[in-house]
Each structure stands twice: as structure tokens, then as C-alpha cells.
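Hello,

Here is the structure I promised to pass on to you.

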Amino acid sequence: LLNAGYTPIITWEPSFSGFSALDPVQPRLTNIINGDYNTYIDAFADKIKTYSDTIIIRLMHEFDGDWYSWCISQNNNDPALFVAAFRQIVDRFKAKNVNNVQWMWCPNSDYTPYRYWNWIVSAYPGDNYVDMVATDVYNAHYPANLPWWRSFRWLTSETYYYAQKYFPSKPFFICELASRERMAGESSASQTKSQWIKNMDLDLQSYFRKTRAIIFFSENKSQDWRVNSSSAALQSLNDNIWMDDYYFVQNGPLNVTRSETDKNNIYPNPAQDKIKISTAQATGSYVLRICNINGQEL
């Protein structure tokens, strides 16, 4: 991947293969904190150090769920344990002078359970340990008898808000992104997957403009999440994402630093009448265009 000019993202799941995700044999956060796997972590650090360019490591993702052994809900409902385990791993890489890693912190867009101790901000390891923040967004992940069909905006808003409020210096990624198809038994008046993708495009270019990357989860697993699960879905992806230059950096490798446009804030958004504009631009002349969600210049 590096040789082909890509920046790989490795999702590092501290678990044993051959066992269910929550089997008692699986490591818990205290095992990492106590150094039970230091030998393995150090060997992984040595391997990463041999690579010729930057590797992004998404470490212990979706920690605000209840389906992995490193989730807060599986570790005494204590976000401090997650913070300590995350720091333990990063510190061991730093001790070995592994300088070609960027660390990604990635909660799920849905807390499970939705409790005070599971607030993602409490589980943030700190700016010195995190290079970028992210989230995973799935529409209608639940079984057919509880479809929970929700818009991209509904699913993404809370995590995005916290990321911008509490970690504004960190680039924001969407690391797993997918929607299933509308099922036969669901109302034909409801939104289709292709329409969901189209509206997601509008939201990304308006409400969530500080998103730096989107990564599709394209697999038939529990639901058909593939981008080509139907010809209509694939056409929508092509029309609204793939053919839009907004989503592509035309020159050079991935750049996750903040752009000048990120120093502008327009609020409230959405607005009924008056709006306020704040800016922290350098000196010089600038043109500021304000558009609505449909791209119409206001």
C-alpha cells in the first residue's frame, strides 16, 4: 500500500482469534495496563518502525459499545481504564522511537449503553496521544424487526459536535461508513439507500465540512453494507461522491492538517434569519461564499 502511494489505516483490535469477542479469555483493559502484552506490543512497534512512510493506527475502536472486550461497558464502566490502556500502548511505541505512526481515536456514533459513564469525551486519551479523531456510522444496523432507519445527519451529529467542541485541533475522519438497503416489508414511501447517500453528500458539504476522510465499509456482513448492494446505490455513490472533486485531494499524499477555511465559523446553522461570522484568517483579502444545504449561494 505504501509503495502504491496510499496511507494505510490499521485497525488494531486487541483480541484473540478463535474465540467470541466477549469470551472471558479475551484481554481486558487491565491486562494491557498491567503489561501482560508488552512483548507483543513492542514487537508490533518494531515492525511498524521498519515501514518507509506513515501508518495510521486506529486503536481499540468503538470503545463506547458493548460488543468488544476493550469497550468501557466491559471494563467496570470506567473510561479511565480505556485512557490508561491507550496511553500504555502509545507510550511503548514512543519509547522505541517509532515516529511514523499517527494514532486515531474512534468511538462509534451510537453509544451502547447510553449512560453518563459512557460519554466519549471522558475516554479521550489526550492531545499528546491522539493525532486524529473519528467515528463509525451505520444506518439501520439493527435487525429487521427494529430497523431504526436514520439519516446520516442524525447518526453523525453528536460525535461530530463533541469532536469540534473538545478536540478542534484534531482532523475528523469517518472510518466505517455504510447503509443497508430498504427492506421489502418497509414503507415504499421511506428513503432508499441511494437517497440516503445523496442526502449524506449534502450533509458532508454543509453541516460536516470539517470531515477530512470517509471510508466505506463495503461488505455483506450481518447486513448488505456493500456500496454496490444495488445498481441504484452504486449509481448514487458515483454521482454524489466519486464524481465530485470536493472529496478528492488532487495533488500529493493525504494531508490531515487543518485548512485555512477551517478558521471560519458561521452560526447558527441552520439559520432562520440573522447569522454570525467569526474568522481567524491571516491578513489579506478573502472571498467568503455562504451556501445552503442544496448548494445555492445565499
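Two words on the ground rules. This is a predicted model, so local features need pLDDT of at least 70 and side-chain atom pairs count only at pLDDT 80 or more, while totals for chains, interfaces and linings use all residues. Residues are numbered from 1 along each chain as its sequence is written, and side-chain values use heavy atoms, with hydrogens and water left out.

Let me begin with the chain. Its secondary structure comes to six helices and ten strands; helices (H or I, at least four residues) and strands (E, at least two) are DSSP runs, numbered from the N terminus. Of the 298 residues, 42% count as buried, where buried means under 20% relative accessible area, exposed over 50%, and partly exposed in between (1.4 Å probe, protein chains only). The chain exposes about 16400 Å², and carbon and sulfur atoms supply 50% of that area. Accessible areas come from the Shrake-Rupley method with a 1.4 Å probe; for residues, only the protein chains shown count as cover. Among contacts (heavy atoms within 4.5 Å) with a separation of 6 or more, 73% are between residues 24 or more positions apart.

Now the sheet. Six strands make an open, parallel sheet in the order β1-β2-β3-β4-β5-β6; two strands pair if DSSP finds at least two bridges between them. At the edges are β1 and β6 (211-216), each pairing on one side only. Neighbouring strands are turned by 30° against each other on average, direction ignored. Axes here are lines fitted to C-alpha atoms, for helices over the stretch in contact, and angles run from 0 to 180 degrees between N-to-C directions. In the parallel pair of β2 (residues 55-59) and β3 (residues 101-105), four bridges join the strands, and Ile57 stands opposite Trp103 in β3. Helix α2 (residues 38-49) packs on the sheet and touches β1, β2 and β3, its direction making about 175° with that of β1. Helix α4 (residues 152-166) also packs on the sheet, touching β4 (132-139), β5 (172-179) and β6, at about 165° to the direction of β4.

Next, the salt bridges. With a side-chain nitrogen of Lys or Arg within 4 Å of a carboxyl oxygen of Asp or Glu as the rule, the count comes to seven. One of them joins Glu176 and Arg58, with the closest N and O atoms 2.6 Å apart. This pair links strand β5 with strand β2, 118 residues apart, and both residues are buried. Another salt bridge is between Arg150 and Asp110, at 3.0 Å for the closest N and O atoms. Arg150 lies in the loop between β4 and α4 and Asp110 in the loop between β3 and β4, so the pair ties together parts that are 40 residues apart in sequence. Arg150 and Asp110 are buried too.

Asp203 and Arg153 meet in a salt bridge as well (3.1 Å, N to O). Asp203 is in helix α5 (residues 193-204) and Arg153 in helix α4, 50 residues apart. Asp203 counts as buried because its relative accessibility is 3%, whereas Arg153, at 32%, is partly exposed. Salt bridges that share partners also join Arg58, Asp136 and Glu176 into one network.

Lastly, the surface. Phe16, Phe19 and Val25 form a nonpolar patch with about 260 Å² of accessible area together. Patches are made of residues with over 30% relative accessible area and no salt bridge: like charges are joined within 9 Å, nonpolar side chains (Val, Leu, Ile, Met, Phe, Trp, Tyr) within 5 Å. Phe16 is in the loop between β1 (9-12) and α1 (29-33), and with 35% relative accessibility Phe16 counts as partly exposed.

Best wishes
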